[in-house]
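Open the model in your viewer and keep the selection panel at hand. This tour goes from one selection to the next and says what to look for at each stop.

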Amino acid sequence: MIELFQANADLFFEGFKYTILSSVLALIFSLIIGTLMAIFQLSENKIIRNLAKAYVEFFRNIPLLIIVMFFYVVLPLYGMPFDGFQAGTIGLTIYTSAFIAETVRSGIQTVPKGQMEAGLSSGFTYSETMRYIVLPQAFKIVIPPLGGQFINLIKNSSILAMVAGLDLMYQGDLVANATFITFETYIIVGIFYLILTLPLSYLMAYLEKRWAVRG
Amino acid sequence: MDFIGAFSFVNLRFLLDGLQITVAVSVLSIVFSFLIGGLMGTLRFANIPFFSRVLGVFVDIIRNLPLLLIIFFTYFALPQIGIRFNIFWSAVVALTIFESAMLSEIFRAGLNAVPKGQMEAGLSTGLTYVETMRTIVLPQAFRSMIPAIVSQLISLVKDTSLAVIISLPELTHHARIIYGQNTNYVIPMFVAMTLSYFAICYVLSLLSKYLETRKYNY
Amino acid sequence: MIKKTFFSLLVLVAAVFSLSGCKSGNVADLDILETSKESNEIIWGVKNDTRLFGLMDIPSREVKGFDIDIAKAITDKVLGRDGRATFVEVTSKTRIPLLKNGNIDAIIATMTISEERKKQVDFSDVYFDAGQSLLVKKGSSITGVDSLDETTTVLAVKGSTSAVNIRKASPNANILELENYAEAFTALQAGQGDAMTTDNAILLGMASENPDYELVGGTFTEEPYGIAINKGQENFLQAVNDALKEMHEDGTYDEIYEKWFPNDDTGKVK
């Protein structure tokens with residue numbers, strides 16, 4: 001197995017790079033979109049609230065593959081070309097944002113209502129109270145599950161392999177086909193993923209224990 | 001885009017065949033992984049020296065790997081050490097392995113959430129460990145686990161689409177075959193796939209909300 | 001706690017390493033000719049997305065094509081009239097792993113005989129002569145392999161000789177490898193690449209259904225198709241070759257060829 005790795009190290013690392021890049025990009029944008037959707041769901045405006053709810057429910061209940069294929073196969077047919085990496089990353093972003101919206105929303109709602117009331121009665125506006133009082137508390141509650149979503153994101157980034165997205169899974173595939181030594185190749189790919197996900201997983205478990213809300 | 005042609009009787013029947021496989025794989029996987037995952041979660045909770053720890057590491061590793069990799073591995077790599085499944089069973093086995101690991105964690109968390117006093121009370125009343133688990137702890141743990149379990153089931157249904165990579169003849173695969181033979185069918189097929197998955201998953205999520213609010217008589 | 005977890009991780013890693021050591025030698029030991037006679041079944045790996053060779057026919061839910069018919073005829077000759085030919089879908093990428101793993105008995109899937117592949121598998125006699133070509137949208141500026149450079153992207157299929165050959169023929173072009181022909185063609189239609197490359201016979205099948213696309217540049221390689229059989233299966237290989245010879249002698253081969261390629265003799269093996 002070591003020789004296999006050394007012979008193809010450049011391919012593995014190339015894929016590793018793209019996996020990380022895709023995951024980080026998707027994380028940043030899905031956090032932004034997800035948080036926005038969470039806030040919209042709690043808005044006073046009925047239309048905004050329902051639109052946000054629809055967005056979240058829709059993207060949480062369809063497979064990631066379909067979202068990615070939409071960007072890779074459908075849109076280009078109508079003039080908007082996306083390559084494998086782009087389609088995969090955008091798909092990942094949209095898909096994850098729906099889950100993050102749910103996580104952040106329940107985080108915000110876990111913050112005692114009294115906080116919002118106190119803020120408003122102290123003269124802050126709704127958005128100011130959100131920004132300075134509610135959201136900071138919400139984020140602490142929400143970090144461990146968000147960490148979980150990031151781990152899911154990294155795992156889901158393997159979807160790039162299905163649209164020639166040049167990621168770790170795609171490269172591993174190419175190596176497996178070229179050498180026919182599928183067993184060791186996929187073990188190596190697995191180890192690469194574990195390097196990313198296992199530490200995060202243990203970190204989140206640790207944080208969860210430390211920040212446990214005393215009930 | 002040609003909706004009429006895309007949804008001809010022949011094509012619809014082909015799609016339904018695919019949907020049948022999607023449902024079959026999902027149901028088999030959830031049943032097996034419920035049993036295996038439940039067992040593993042309980043064993044981890046029971047804290048058997050050394051064994052629970054190794055099981056724990058095993059579960060953590062599976063949970064942190066992409067499902068796509070596990071599917072590949074089951075169909076393409078396992079035969080190299082003598083374990084061979086056909087396409088259908090490879091998908092079921094791969095999904096079961098992954099979901100068992102996920103469910104084992106849900107079980108463990110659910111069991112941990114039950115107040116320790118329950119176990120102590122049961123044991124001090126003369127029940128054995130297993131009996132206490134079975135009649136007192138597990139039922140209570142179960143109630144809190146239901147949303148998480150249904151959520152995993154929803155993920156499972158969506159994840160069956162990943163098995164196209166090993167040519168599992170499920171919904172997504174059949175839809176692809178149809179639009180692969182005629183570009184005008186691309187959008188209709190996407191609509192069909194999206195609606196089908198959404199319908200199943202959304203209904204399941206409503207079921208979950210219903211089960212959550214139902215009052216349990218204890 | 002960290003020490004204990006590390007230790008159990010070590011145990012698992014050791015287990016994995018030792019597993020990879022016990023590679024199954026059993027597949028090569030089983031004589032396929034014998035086992036297929038016992039089960040009265042030969043499992044063929046075929047394409048499902050290649051017009052004229054192996055294409056899923058939706059109304060009948062069966063896969064149909066030249067490869068399929070040849071396989072059925074060979075099964076007839078080897079096992080007799082009531083022998084069963086079972087078809088498993090493969091792609092250029094998955095076919096050899098599946099053969100070596102024992103999931104299928106033989107590959108008949110537009111597979112070119114090459115020296116590289118002969119190291120991994122044995123091939124039967126040639127049953128079709130193809131050549132590699134390029135498929136482009138009508139009106140494209142690409143006229144052949146020479147038009148390809150670093151500004152062009154060519155779509156190929158993972159695991160095919162075409163992918164390897166195009167890299168040799170146009171080392172500067174960008175190559176993207178997709179899972180199978182259908183996906184590669186969909187990608188071409190979506191503009192993910194400027195041209196698609198594989199065997200002319202396969203491309204002709206696509207062009208016949210999609211008049212906006214055409215083949216350019218003729219063929220720039222020779223691609224003789226053979227049936228791939230795992231190493232160590234001399235009996236089965238002999239049986240297959242004998243069956244092919246019989247099919248040439250009694251006209252079955254010509255019949256099947258005319259059925260699928262009535263206007264074109266270029267692929268026929270004399």
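Begin in chain C by selecting S2(C) and strand S3 (residues 54-57), which run antiparallel and are joined by two bridges. The model is a predicted one. Within this pair, pick Thr50(C): opposite it, in S3(C), is Gly54(C).

The three strands form an open sheet in the order S2-S3-S4, with antiparallel pairing. Strand S2 (49-50) and strand S4 (62-64) of chain C are its edge strands, each pairing on one side only. Strands of a sheet pair through backbone hydrogen bonds, either parallel or antiparallel.

For the parallel kind, select strand S10 (residues 153-157) of chain C. Four of its five residues are buried, so S10(C) is largely enclosed by the rest of the structure. Five bridges pair S10(C) in the parallel sense with strand S11 (residues 174-178) of chain C. One place to look is Ala156(C), whose bridge partner in S11(C) is Glu177(C). To follow the chain from S10(C) to S11(C), trace helix H7 (residues 161-169) of chain C; this β-α-β crossover is right-handed.

S10(C) also pairs in the parallel sense with strand S12 (residues 195-199) of chain C, over two bridges. Here Val154(C) stands opposite Ala195(C) in S12(C).

Last, show chains A and B together. How many residues does each chain bring to the contact? Chain B gives 30 residues and chain A gives 27 residues. On the side of chain B that touches chain A, select H9(B), the source of the largest share, 10 residues. Colored by class, that side of chain B has 21 nonpolar, seven polar and two charged residues.

Conventions: Residues are numbered from 1 along each chain as its sequence is written. Chains are lettered from A and ligands numbered from 1 in the order in which they are written. This is a predicted model: local features need pLDDT of at least 70, side-chain atom pairs count only at pLDDT 80 or more; totals for chains, interfaces and linings use all residues. Two residues are in contact if their C-beta atoms, placed from the backbone, lie within 7 Å. Ala, Val, Leu, Ile, Met, Phe, Trp, Tyr, Cys and Pro count as nonpolar, Asp, Glu, Lys and Arg as charged, and the others, Gly among them, as polar. Two strands pair if DSSP finds at least two bridges between them. A residue is buried if 20 or more other C-beta atoms lie within 10 Å of its own, exposed if 12 or fewer, and partly exposed in between; C-beta atoms are placed from the backbone. A crossover is right-handed if, with the strands pointing away from the viewer, the path from the first strand over the helix to the second runs clockwise.
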